[in-house]
Amino acid sequence: METKLANAGDDILDEAAEILKSGGIAAIPTETVYGLAANAYDVNAVRAVFRAKGRPQDNPLILHICSVEMLYDIAETVQTLALKLAESFWPGPLTMIFPRKPHVPAETCGGLTTAAVRMPNNRFTLKLIERCGFPIAAPSANTSGLPSPTSARHVFEDMNGKIPLIIDGGECRYGVESTVICFENEDTVRILRPGAVTPEMLREFCHVNIDGGVLEKLAPDAKVISPGMKYKHYSPKAEVYILKGSTESDENYLSAKDGVKTGFLGFGDEKLTGDIVRFPYGASAEEQAEKLFSSLREADAAGCTEVYVRMPDTSGIGLAVYNRLLRAAGFRIIDADGGSDAVH
């Protein structure tokens with residue numbers, strides 16, 4: 001299959017809509033990461049998404065909508081709190097989980113009785129959903145398990161020859177996937193996957209609990225209602241490790257590395273010796289979120305066999321960065337203050 005790469009614009013809108021209406025799939029830009037889009041109500045199209053990604057069938061997809069009215073075609077019930085949050089955060093990087101109506105295919109939702117829904121903050125994609133007239137199921141447009149794509153070039157690396165169309169909407173604004181929440185009661189939500197809508201932001205409207213699966217490894221047979229909780233995700237071919245320690249301890253640990261091509265994502269103030277390849281990361285959590293996935297891909301392109309990433313601050317969007325890092329590293333954390341063999 002020949003894969004066409006086209007800039008987002010009105011001239012490509014009709015072609016993209018026709019592909020999705022006819023049961024095909026295409027890569028689309030959003031403000032978080034690029035998505036691999038299909039008609040959420042077309043079981044065969046959804047199966048094509050799973051095949052193109054190599055994604056486990058029990059990993060639910062997120063349904064993208066262009067209006068609150070479209071939500072009522074998906075959700076059996078819509079809580080008052082959900083409408084309040086939608087008014088504040090949609091369009092934007094917040095996904096909410098609802099009991100699904102019977103006509104929403106189980107295949108789209110990982111076999112669950114619930115559906116995850118969000119309204120992306122991307123003008124082209126909102127127009128595309130409106131033009132199609134149905135919600136779009138769109139997981140990240142990458143090979144399952146690899147770092148999520150934050151540019152059309154990343155999508156092309158993984159999907160060339162597998163899909164007919166990639167829409168280039170430029171670099172993604174946030175660089176990490178949306179926050180996913182479920183509702184515990186009328187005034188409490190549970191964060192299942194952190195993102196740019198932070199716990200601090202949500203607490204302005206309701207009580208917030210953070211699911212244990214955000215920071216802990218789940219059992220292989222665990223049943224999850226959000227993508228990004230169960231399987232190893234976001235990981236390059238290189239082995240990833242999180243470095244937890246003082247700047248000096250991290251410097252000493254890395255400077256002792258020898259015999260492997262080592263990549264490093266740091267805060268920018270580290271003084272390193274030896275053959276360490278630096279990649280963009282940033283001093284702030286916002287910079288780290290934006291650069292994390294692209295830098296992990298760059299480390300693979302540079303031939304690194306190991307990549308070390310300094311542990312971010314876990315407040316704000318930093319919680320999302322840490323959550324992605326834990327899964328990219330397979331929960332391997334090196335406490336440089338406690339010695340080089342302190343891997344947890």
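Strand β13 (residues 262–265) pairs with strand β15 (residues 306–310) in the parallel sense, over 4 bridges. Two strands count as paired if DSSP finds at least two bridges between them. Helices (H or I, at least four residues) and strands (E, at least two) are DSSP runs, numbered from the N terminus. Within this pair, Leu265 stands opposite Val309 in β15. The model is predicted: local features need pLDDT of at least 70, side-chain atom pairs count only at pLDDT 80 or more, and totals for chains, interfaces and linings use all residues. Residues are numbered from 1 along each chain as its sequence is written, and side-chain values use heavy atoms, with hydrogens and water left out.

The pair belongs to a wider sheet. Strands of a sheet pair through backbone hydrogen bonds, either parallel or antiparallel. Here 5 strands form an open sheet, and the pairing is parallel. The order is β14-β13-β15-β12-β16. β14 (276–279) and β16 (333–335) stand at the edges. Each has a single partner strand, so one side of each is left without a neighbour in the sheet. Neighbouring strands of this sheet are turned by 30° against each other on average, direction ignored. Axes are lines fitted to C-alpha atoms, for helices over the stretch in contact, and angles run from 0 to 180 degrees between N-to-C directions.

Helix α10 (residues 318–328) lies across β12 (239–244), β15 and β16. The helix runs at about 130° to β12. In the loop between α10 and β16 sits Phe331. Phi of Phe331 is near 65°, a positive value in a residue other than glycine. Phe331 is buried, with a relative accessible area of 18%. Buried means under 20% relative accessible area, exposed over 50%, and partly exposed in between (1.4 Å probe, protein chains only).

Helix α10 also has a helix partner. Two packed helices are described by the angle between their axes and the distance between the axes. The axes of helix α9 (residues 285–301) and α10 come within 8 Å and cross at roughly 25°. The two are therefore roughly parallel to each other. Angles under 35 degrees count as roughly parallel, over 145 as roughly antiparallel, 65 to 115 as roughly perpendicular, and the rest as oblique. α9 passes α10 in a left-handed crossing. A crossing is left-handed if the near helix is turned anticlockwise from the far one by less than a right angle, and right-handed if clockwise.

Which residues of α9 and α10 meet? From α9 come Ala285, Gln288, Ala289, Leu292, Phe293 and Leu296. From α10 come Gly318, Val321, Arg324, Leu325 and Ala328. Contact means heavy atoms within 4.5 Å. By class, this contact has 8 nonpolar, 2 polar and 1 charged residues. Ala, Val, Leu, Ile, Met, Phe, Trp, Tyr, Cys and Pro count as nonpolar, Asp, Glu, Lys and Arg as charged, and the others, Gly among them, as polar.

Helix α1 (residues 10–21) and helix α5 (residues 123–132) pack at an angle of about 50°, with their axes 9 Å apart. That makes α1 oblique to α5. Their crossing is right-handed. On the α1 side, the contact includes Ile12, Leu13, Ala16 and Leu20. The contact of α1 with α5 divides into 8 nonpolar, no polar and 5 charged residues.

Several loops deserve a look. The peptide bond from Trp90 to Pro91 is cis, with omega near -10°. Pro91 is found in the loop between α4 (80–89) and β5 (94–99). Ser151 is in the loop between β7 (136–137) and α6 (152–159). Is Ser151 buried or exposed? At 5% relative accessibility, Ser151 counts as buried. Leaving aside neighbours within four places in sequence, Ser151 is in contact with Tyr34, Gly170 and Glu171.

Two further loop residues touch each other. Cys206 lies in the loop between α7 (199–202) and β11 (207–210). Cys206 is buried, with a relative accessible area of 9%. Beyond neighbours within four places in sequence, Cys206 is in contact with Leu81, Asp187 and Val189. Cys206 and Leu85 are 121 residues apart in sequence and 9.4 Å apart in space, C-alpha to C-alpha.

Asp187 is in the loop between β9 (179–185) and β10 (188–193). Asp187 is partly exposed, with a relative accessible area of 36%. Not counting residues up to four places away in sequence, Asp187 touches Leu81, Cys206 and His207.
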